[in-house]
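Keep the three-dimensional view open while you read, and find each residue as it is named.

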Amino acid sequence: MDDQEFVTPPPLERGSRIAVVAPASNPALEAPHVYELGLERLRTVFDLEPVEYPTTEMGREELYENPEARARDVMDAFADPDVDGVIAVIGGNDQIRMLSHLEPDVLRENPTRFYGYSDNTNLATYLWNLGIVSFYGPAVMVELAMDGELFDHTIEYAERAFFEDSIGTVEPAKRFTDQPGNWADPEALEEPRETEASDGWHWSGGTDAVAGRVWGGCLEIIDQQFLADRYLPGDAALEGTVLALETSEEVPVPEWVAGVLRALGERGLLERFAGVLVGRPASRSHQQDRPPEWRETYREQQREVVADVLAEYNPDAPVVQGLEFGHAWPTVPIPIGGRVEIDPTEATIRFP
């Protein structure tokens, strides 16, 4: 797909209506105080008016049993002339079941800015195939409902994703967290999550500046997409693009990450990418907390296996790891389908 076939939907304006949908999962009914805080932040921090669609009132079981309702919400939101943007409540793990219920012409004829990540990689891939740029975050119940207050870094780049034509040049955050919120206790929202000092971005691979369209998302979902092999762009369509990937709070072992990337290398796909951007990995979850030393080692091991596999299959591609997108916060809503320029010499990343 060439540049002329991609469209970045028009930006929102202060006061715009933004549709809130649950195309993946919806814990809003279980933690309404978290969900309501996210909606309130849309209103007070960004001056947007959230419009809740029917799936936001469905629980996990009802959502699972009705993938066509999730697709209908997405299509209705895109087609609504009074809605300027669409944002997901959160991610999940079965959105791939929704895709067959989407009508591509509805989305193609009504390009609208979509915000969501994790399981929403499925929808981002679907939109990529239609030539519609989407944004990898934020989500209502995660970044926007951050305990204490929003990260300034999140506000700055979410504002660009909401209101500007491009994200522009991005900078590393000084501090970050992957501590999950305690959604069972409403009072926990008053206390900020613990943060760690960031060690910045990690560069490896090629040293020449590159540019290309961004494709990718959550690696666990990308893996599902390759197994299903129904909604992927053709390998040739990814020639010269930039792979963006990150891993979820499932904290996959580095060996699994290496195995998936190695399989993509054997497929002949890794060599097609002009560059690779990797989000800082989450190293703990609601199910299991881990001590700081373990988390630091995990992040280092993931960096090593990613760098090693890319060095084998595409040594000329610059690889940048530890970026602010995905399952650690603050986040930058990178444009999936948008263009990016990577300059290893200047250590800069720009989404023009």
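The paragraphs below go from the pockets to a cavity and then to the backbone.

The model shown here is a predicted one, and every value that follows was computed from it. Rolling a probe the size of a water molecule over the atoms shows where empty space is left. With that idea in mind, we can begin with the largest pocket, which holds about 860 Å³ of space. Its lining is made up of 39 residues, and those closest to the centre are I90, G91, G92, E249 and H286. When we look for elements that give two or more residues to this lining, we find α2, covering residues 60-65, and α7, covering residues 219-228. The largest share comes from α2, which contributes 3 residues to the lining of the largest pocket.

Three elements each supply at least two residues of the lining, namely β8 (196-197), α9 (292-313) and β13 (318-323). Which of these elements gives the most to the lining of the second largest pocket? It is α9, with 7 residues. Sorted by class, this lining has 4 nonpolar, 6 polar and 8 charged residues.

A pocket is open, whereas a cavity is a space from which the probe cannot get out. The structure holds 1 cavity of 30 Å³ or more, and the space in the largest cavity is about 40 Å³. Around this cavity you can find V170, W201, L323, E324, F325, V332, I334 and F351 as its lining. By class, 7 of the lining residues of the largest cavity are nonpolar, none is polar and 1 is charged. The charged one is E324, because Glu is counted among the charged residues.

The bond that runs from G137 to P138 is cis, and its omega angle is near 0°. To find P138, look in the loop between β5, at residues 134-136, and α6, at residues 152-163. Another cis peptide bond joins W329 and P330, and here omega is about 10°. P330 is placed in the loop between β13 and β14, the latter covering residues 334-336.

One is S118, a residue other than glycine, whose phi is near 60°. S118 is found in the loop between β4 (113-116) and α5 (121-129). Is S118 buried or exposed? With a relative accessibility of 10%, S118 counts as buried, because buried means under 20% relative accessible area.

A347 is also a residue other than glycine with a positive phi, in this case near 55°. A347 lies in the loop between β15, at residues 339-343, and β16, at residues 348-351. The relative accessible area of A347 is 39%, so A347 is described as partly exposed.

Conventions. Residues numbered from 1 in each chain as written. Predicted model: local features only at pLDDT ≥ 70, side-chain atom pairs only at ≥ 80, totals over all residues. Heavy atoms only, no water. 1 Å grid on protein atoms, 1.4 Å probe; cavity = no way out; pocket = protein on both sides within 12 Å on 5 of 7 lines; lining within 4 Å. Points joined across faces, edges and corners; volume = space filled by probe spheres on them. Helix = DSSP H or I, 4+ residues; strand = E, 2+ residues; numbered from the N terminus. Buried < 20%, exposed > 50% of the residue type's maximum accessible area, 1.4 Å probe, protein only.
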